[in-house]
Amino acid sequence: MRYRLTFVAGVVLGYVLGTRAGRERYEQLKKSAERFTQNPAVRNTAETAAQQGREFAGKAYHAVSDKVGDRMPDSVAQRVRTLRERTAQGAGEDDWGTSNT
């Protein structure tokens, strides 16, 4: 998947840099991308996906910790505790800038 994304990014970059319209086309693509990311439906979908990912990660942690027990590295256990404390305190945003709504 990473290689596909890299390839697509390269194609887009080549198109933007090689097009005759140059800067105008770049600005048009940039505005289009900004409109897409500012769309409320897109933002809500991204936030929902982030929230579901956090919930799934919490469930996965419990399932793994029941099986792994005390063998989990301290650095991992500390990071999980920190994330839980921050979530319990009602932090408004996570590391990715999405709200926890």
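**Surface.** I looked up the accessible surface of the protein first: about 8800 Å², with 58% of it belonging to carbon and sulfur atoms. Accessible areas here come from the Shrake-Rupley method with a 1.4 Å probe, and for residues only the protein chains shown count as cover.

**Ground rules.** I note that this is a predicted model, where local features need pLDDT of at least 70, side-chain atom pairs count only at pLDDT 80 or more, and totals for chains, interfaces and linings use all residues. Residues are numbered from 1 along each chain as its sequence is written, and side-chain values use heavy atoms, with hydrogens and water left out.

**Confidence.** I checked pLDDT, the predictor's confidence in each residue on a scale from 0 to 100. The protein has a mean of 78, and 82% of its residues reach 70 or more. Helix α2 (residues 23-38) has the highest confidence, at 86. Helix α4 (residues 74-88) has the lowest, at a mean of 79.

**Fold.** I counted 4 helices and 0 strands. The pattern along the sequence is α-α-α-α. Helices (H or I, at least four residues) and strands (E, at least two) are DSSP runs, numbered from the N terminus.

**Burial and contacts.** I find that buried residues make up 10% of the 101 residues. Buried means under 20% relative accessible area, exposed over 50%, and partly exposed in between (1.4 Å probe, protein chains only). I then took the contacts between residues at least 6 apart in sequence: 30% of them join residues at least 24 apart. A contact means heavy atoms within 4.5 Å.

**Nonpolar patch.** I found Phe7, Val8, Val11 and Val12 forming a nonpolar patch on the surface, with about 370 Å² of accessible area together. Patches are made of residues with over 30% relative accessible area and no salt bridge; like charges are joined within 9 Å, nonpolar side chains (Val, Leu, Ile, Met, Phe, Trp, Tyr) within 5 Å. A salt bridge is a side-chain nitrogen of Lys or Arg within 4 Å of a carboxyl oxygen of Asp or Glu. Val12 lies in helix α1 (residues 2-18). I list Val12 as partly exposed because its relative accessibility is 44%.

**Glu27.** I located Glu27 in helix α2. Its relative accessibility is 26%, so Glu27 counts as partly exposed. The C-alpha atoms of Glu27 and Val16 are separated by 9.8 Å, with the two residues 11 apart along the chain.

**Arg43.** I placed Arg43 in helix α3 (residues 40-68). Arg43 is at 39% relative accessibility and therefore counts as partly exposed. Leaving out residues up to four places away in sequence, Arg43 touches Thr37 and Gln38.
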